[in-house]
Amino acid sequence: MVLGSDVSGLTTTAANAAAQGLSIVVPVYNEAAGLALLHDRLSELARALRQRYGLPCEVVYVDDGSSDATLAIARALAPDALDVQVVSLSRNFGKEAALMAGLDHARLGAVLFMDGDGQHPPDLVEKLVGHWIDGGFDVVYTAKANRDNESVLRRLAVHGFYALINWGARQKIPEDAGDFRLLSPRAAAALRQLPERNRFFKGLASWIGFRQVRVDYEPAARAHGVTTFSPGRLVGLSIEGLTSFSVAPLRFASLLGVLLASAAFLFGLSILWETWTTGKSVPGYPSLVVGLMTIGGVQLIMIGIVGEYIGKILSELKARPIYFVAEHSVKRVETEVAAS
Ligand code: UDP
Ligand code: MG
């Protein structure tokens with residue numbers, strides 16, 4: 001039995017890389033207002049890429065159960081300079097699932113992930129493609145050049161999150177890398193092979209290895225509407241990322257337990273010592289209550305952490321599909337073909 005996976009056959013040299021083409025995956029959830037504009041920019045981009053590298057492109061719009069006109073608008077988009085696929089999920093499965101659906105439907109070699117709200121500048125894509133075709137990199141990821149518009153509290157939280165998730169990890173997840181990234185054919189193939197249902201794309205894309213390179217960019221303001229990621233949802237995503245990607249919280253729990261137990265032991269010793277030397281017993285009611293509450297609280301937190309992991313095991317065990325496709329269409333640049 002082979003326990004590893006060989007994707008070396010998909011190695012790209014500058015000469016054959018361009019021939020394999022690029023699939024641009026765009027998850028869209030209630031993005032009706034900006035979709036047509038985005039599509040125009042992507043068509044322009046595809047023309048530039050074809051001219052410069054002879055690179056054929058397609059775009060895969062994954063409608064993540066939008067409740068507005070997103071799907072209708074996406075269906076009507078013309079395959080002007082690039083093929084257009086529209087994959088409509090049966091309900092809102094969340095961005096990670098939408099990205100996975102896009103990755104599964106991408107038919108060309110390399111895959112680029114990009115938000116549908118205009119925050120990921122299409123102008124930058126040529127540079128990302130250059131790193132892949134000319135530079136021979138497999139994972140070209142981007143990071144926000146600054147976080148000036150975010151609160152100190154949020155930046156601290158982000159910092160703490162990465163410190164925890166990378167604690168003791170052999171392959172570190174780069175801090176503040178975004179979902180705007182390009183994968184070479186073999187990196188995309190590797191990502192497709194990961195079997196887990198709980199997906200944390202940033203982590204997985206880093207975990208697969210290969211040659212990775214970072215590109216900094218200034219994120220644009222959202223073209224319209226507001227972010228769909230509320231603080232609550234971000235906390236959820238962080239817990240999801242942490243528990244599906246690292247055992248650091250469990251290790252942290254054990255460490256804290258050891259620390260608390262040692263402190264209690266030392267405290268016990270000091271009481272013994274005091275009683276022995278002074279002959280008085282200490283009236284320790286307050287310290288008793290504090291100690292009890294600390295241990296009780298810490299235990300509840302730790303049980304919660306363990307519970308998160310057990311929930312994860314349950315959902316992996318159920319092995320449900322990550323998403324359902326309700327509708328799928330492909331439009332090619334010259335001829336129009338509708339499928340299923
Ligand atoms: N998105 C999605 N499903 C969701 C939420 C968001 O496919 O359940 C898409 C959304 O349409 C956008 C991208 O994910 O293209 C990023 O979402 P958003 O701009 O709300 O997040 P932020 O940029 O604030 O991280
Ligand atoms: Mg956004």
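1. In this predicted model, 44 Å separate the centres of domain 1 and domain 2, taken over C-alpha atoms. The domain assignment gives domain 1 two segments, 16-229 and 322-334. Domain 2 covers 247-318.

2. The two domains do touch. Seven residues of domain 1 are in contact with six residues of domain 2. On the domain 1 side, the touching residues are three nonpolar, two polar and two charged.

3. Next, the helix pair. Helix α10 spans residues 248-278, and helix α11 spans residues 285-318. Their axes come within 10 Å and cross at roughly 160°. Angles over 145 degrees count as roughly antiparallel, so α10 and α11 are roughly antiparallel to each other. The crossing of α10 past α11 is left-handed.

4. Which residues of α10 and α11 meet? From α10 come Pro 249, Leu 250, Ala 253, Leu 256 and Leu 260. From α11 come Ile 295, Val 298, Met 302, Ile 305 and Tyr 309. By class, this contact holds 10 nonpolar residues, with no polar and no charged ones.

5. Now the ligand. Ligand 1 is surrounded by 17 residues. The closest are Pro 27, Tyr 29, Gly 116, Thr 227 and Thr 228. Two elements, β1 (22-28) and α4 (95-105), each give two or more residues to this shell.

6. How do the residues of the shell around ligand 1 divide by class, and what are the counts? Five are nonpolar, six are polar and six are charged. For the contact of α10 with α11, by comparison, the count of charged residues is none.

Technical notes: Residues are numbered from 1 along each chain as its sequence is written. Chains are lettered from A and ligands numbered from 1 in the order in which they are written. This is a predicted model: local features need pLDDT of at least 70, side-chain atom pairs count only at pLDDT 80 or more; totals for chains, interfaces and linings use all residues. Domain bounds come from an automatic or database domain assignment. Ala, Val, Leu, Ile, Met, Phe, Trp, Tyr, Cys and Pro count as nonpolar, Asp, Glu, Lys and Arg as charged, and the others, Gly among them, as polar. A residue is near a molecule or strand if its C-beta atom, placed from the backbone, lies within 6 Å of it. Helices (H or I, at least four residues) and strands (E, at least two) are DSSP runs, numbered from the N terminus. Axes are lines fitted to C-alpha atoms, for helices over the stretch in contact, and angles run from 0 to 180 degrees between N-to-C directions. Angles under 35 degrees count as roughly parallel, over 145 as roughly antiparallel, 65 to 115 as roughly perpendicular and the rest as oblique. A crossing is left-handed if the near helix is turned anticlockwise from the far one by less than a right angle, and right-handed if clockwise.
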